[in-house]
Amino acid sequence: YQGHRVPERMEEALNTLFPQPPGDLYGELANYFSKFSKAPVICKLVGRKVLDGVGQPTLEVEIYCTVKNYEKRICSIVMASHSQIPEYALPETIEADEKERNDSVHTAVEWVNESLNSMLRDLESTDQCQADKMLGEYFANKVEEKKEIQRREEEEAAKASPAPPSCPPTPVPKQKKGGRPVKKALVDENPIPPAEPAEPVLSGSLAIGGTSLAIAKAGATISCVPLYLYIALLKHNQESPKEMTLPLPMVTLLNCEKNLPTKLKLVKEVMLIPPAELPLKQGLERILDIQKEITRLLESSGKMPGPQADSKKGKAQSSAKKAPPPSLKRISHLGCLTTGYDNLEQLLLLMQTACKNIGLELGTDMYLAINCAAHELMDYDKGKYEILTGTFKSPDDMVAMYVEMINNFPFIIALIDPLRKEDREQWSSICCALGSKCYLIAEDAATQISKLKTDQNINIATCSGVVLKYINQTKVSDLIELTGILHGQRHITILGSPDGESLDASLVDLAVGLGASFLKLGGLSRGERVAKYNRLLAIEEQLAANGTLR
């Protein structure tokens, strides 16, 4: 006791508390002595398979710490699941993807409960840097193990079945001579860069991202600070920022599925962005008002909404009676209405009409962003993008089309994935033409996070910014480092919500703590989406109360 100065500190505690008798004497004594207790350390990780917002399997990670000699559950996080398979993929492709996802979650649960549990035991929960370093090394070893297994399998396959001598494919070039299709001639005249292969995802990689984020959340809980402030402290080397800004939300209003019978393919998501000077609460209220008016217009006018009804009332009414849109009132997994259109002008004029009807003006009271998802439009046989059913444009034509679009509709302030990442020349062209008028953002068209971190160079150097998603083996320290690189290169950072979201709202805290410019969360429906908007509102309220909201 004397070695730990217990008698001396007890006397100090009693003398300190005596003049101000607290209502809970023993509680105050406990608070006094807790300053001298050991820092909590991780004692157990628990991984389990859970379901995300669309019923797909994903990973939950729980953190237990030894706090004042007792094991205590500190927190848990649920990872968002992400799939690169489009919704309209073949049934066998979807089935293979689901099996792969199941296997990956199963492996991730094993990693958390076995290897990571023993590896991270006795580590202080506030030592994020060391935790992420250990997680990174573990993942690198797993990647090498996978490569070694693949090498052995290839060698065994080569020994088992030696390659036949008659493998040169001589008949194929001969067939090209016989039929000289116009298609081939066109492709040869102006070839497009082939699609780059998707970065392979190691089965179980969810465990790395999940554990890193869970440790960050545990560190914030132990330190008695909100997660967004804890992330900001990590980013600024433990210096508390005097002011913090909220990212502007990109709220998805309409999801235009590309496999609908309507003609327009160019637009995947229509998003609303409130003005920066408007409080978030008011901005979301405006968006909800626009959403209600859009729904009313679609219901009353059918397939030919608002603006068409004004100019051609008779036609609009008759077409509405004959062909009501089958997808109306269907909420997509993004938490917004699913609908389709026959051309871009029809869609944008509908947006203008909806805003005017409730006394708002696009370009002043609200702004638009469009997710084009151009990688889903490319017809590789023709070497062109299919922007409307049967209407194709070359990459250069796409640039000219976007320039005309922004000139005609200046209230569009952001285009996401207007081109594939492989069309680098056209990215440079579009940024030169439109860079001062709207944000040109790479989501699918951006380099993968793991490569961004190692290369410190964005695949499309001329884009305005990049959408970052917290998925797979991404660690908290990776995002901190990456946002620093992006800001240094004058790129804006957008934190994006993956397709398969959960009720976990940690992504919002990450965005605020990292100083992201925008937050792409989907629509204002579905619990897993709305939970994040509610978290953003709560953070705005806290920062305003503390006087740190800029």
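**Charges, patches and turns in a predicted model**

Glu155 is partly exposed, with a relative accessible area of 47%. (Buried means under 20% relative accessible area, exposed over 50%, and partly exposed in between, with a 1.4 Å probe and protein chains only.) The model here is a predicted one, so local features need pLDDT of at least 70 and side-chain atom pairs count only at pLDDT 80 or more, while totals for chains, interfaces and linings use all residues. Residues are numbered from 1 along each chain as its sequence is written, and side-chain values use heavy atoms, with hydrogens and water left out.

Back to Glu155: this residue sits in helix α4, which covers residues 128-160. (Helices are DSSP runs of H or I with at least four residues, strands are runs of E with at least two, and both are numbered from the N terminus.) Together with Glu153, Glu154 and Glu156, Glu155 makes up a patch of negative charge on the surface. A patch takes residues with over 30% relative accessible area and no salt bridge, joining like charges within 9 Å and nonpolar side chains (Val, Leu, Ile, Met, Phe, Trp, Tyr) within 5 Å. Lys and Arg count as positive and Asp and Glu as negative, with His and the chain ends not counted; the place of a charge is NZ of Lys, CZ of Arg, CG of Asp or CD of Glu.

There is a nonpolar patch on the surface too, formed by Met10, Phe33 and Phe36, with about 260 Å² of accessible area together. (Such areas come from the Shrake-Rupley method with a 1.4 Å probe, and for residues only the protein chains shown count as cover.) Phe36 belongs to the loop between α2 (25-34) and β1 (41-51), and its 36% relative accessibility makes it partly exposed.

Now for the salt bridges, of which the structure holds 25. The term stands for a side-chain nitrogen of Lys or Arg within 4 Å of a carboxyl oxygen of Asp or Glu. One of them pairs Glu71 with Lys44 (3.5 Å, N to O). Since Glu71 lies in strand β3 (residues 70-78) and Lys44 in strand β1, this pair ties together parts that are 27 residues apart in sequence. Glu71 is exposed at 51%, and Lys44 is partly exposed at 29%.

In helix α4, Lys147 and Glu144 are 3 residues apart, or about one helical turn. They form a salt bridge whose closest N and O atoms are 3.9 Å apart. Lys147 is partly exposed at 41%, as is Glu144 at 44%. Arg420 and Asp423 also meet in a salt bridge (3.1 Å, N to O), but here Arg420 is buried at 1% and Asp423 is buried at 2%. Arg48, Glu60, Glu62 and Arg73, for their part, are linked in a salt-bridge network.

Helix α14 (residues 424-434) has Gln426, Trp427, Ile430, Cys431 and Leu434 as its buried residues. Looking down the axis of α14, these fall within an arc of 135°, so they line one face of the helix. (The arc is that of the directions from the helix axis to the C-beta atoms.) Exposed Glu425 and Cys432 are on the face turned away from the buried side of α14.

Finally, the backbone. Most residues other than glycine have a negative phi. Asn69, not a glycine, has a positive phi of about 75°; it lies in the loop between β2 (57-67) and β3 and is exposed at 75%.
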